[in-house]
Amino acid sequence: TAIQVSGTLVYLNGLPMQAHRVEVDNEGRVVGIGRFLQLCGWGEIGALEWCACHERESMQFAPKELWTRKGTSSDYRAERLKLLGYAGSAADPLSRGVEGCIPGTLAQ
């Protein structure tokens, strides 16, 4: 996913997220992006760590999301996907066959 931030506007894969702009507190610090993500702080490898929740009170149980600069996280991303189970045939979908079928046929 390609994310770009320009001022208070956030672009997700090139499309502006009009309803989810960067939100700041009274001191000018970023606290979240609309009712979409709340900023937790700096995470691993210099990434921004976000909590995927609509308010700061729900951050404790919300799933985390890391944003890194383009090109800095390829090794980390590959390791994370491997730990999530995206390895083996899922790692190279173009070279796998249809699971459960006899090779070269569509029969089981």
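Predicted model: local features only at pLDDT ≥ 70, side-chain atom pairs only at ≥ 80, totals over all residues.

Residues are numbered from 1 along each chain as its sequence is written, and side-chain values use heavy atoms, with hydrogens and water left out.

The protein chain contains 1 helix and 8 strands, taken as DSSP runs (helices H or I, at least four residues; strands E, at least two) and numbered from the N terminus. Their order along the sequence is β-β-β-β-β-β-β-β-α. Of the 108 residues, 17% are buried, that is, under 20% relative accessible area, with exposed meaning over 50% and partly exposed in between (1.4 Å probe, protein chains only).

Strand β6 (residues 37-42) pairs with strand β5 (residues 30-33) and also with strand β7 (residues 48-51); pairing requires at least two DSSP bridges between the strands.

| Pair | Sense | Bridges | Residues facing each other |
|---|---|---|---|
| β5 and β6 | antiparallel | 2 bridges | Ile-33 and Leu-37 |
| β6 and β7 | antiparallel | 4 bridges | Gln-38 and Cys-51 |

The β5 and β6 hairpin has 3 residues between its strands, and Gly-34 in the turn has a positive phi of about 50 degrees. In the β6 and β7 hairpin, 5 residues lie between the strands, and Ile-45 in the turn has a positive phi of about 50 degrees.

Val-5 belongs to strand β1 (residues 3-6) and counts as partly exposed because its relative accessibility is 44%.
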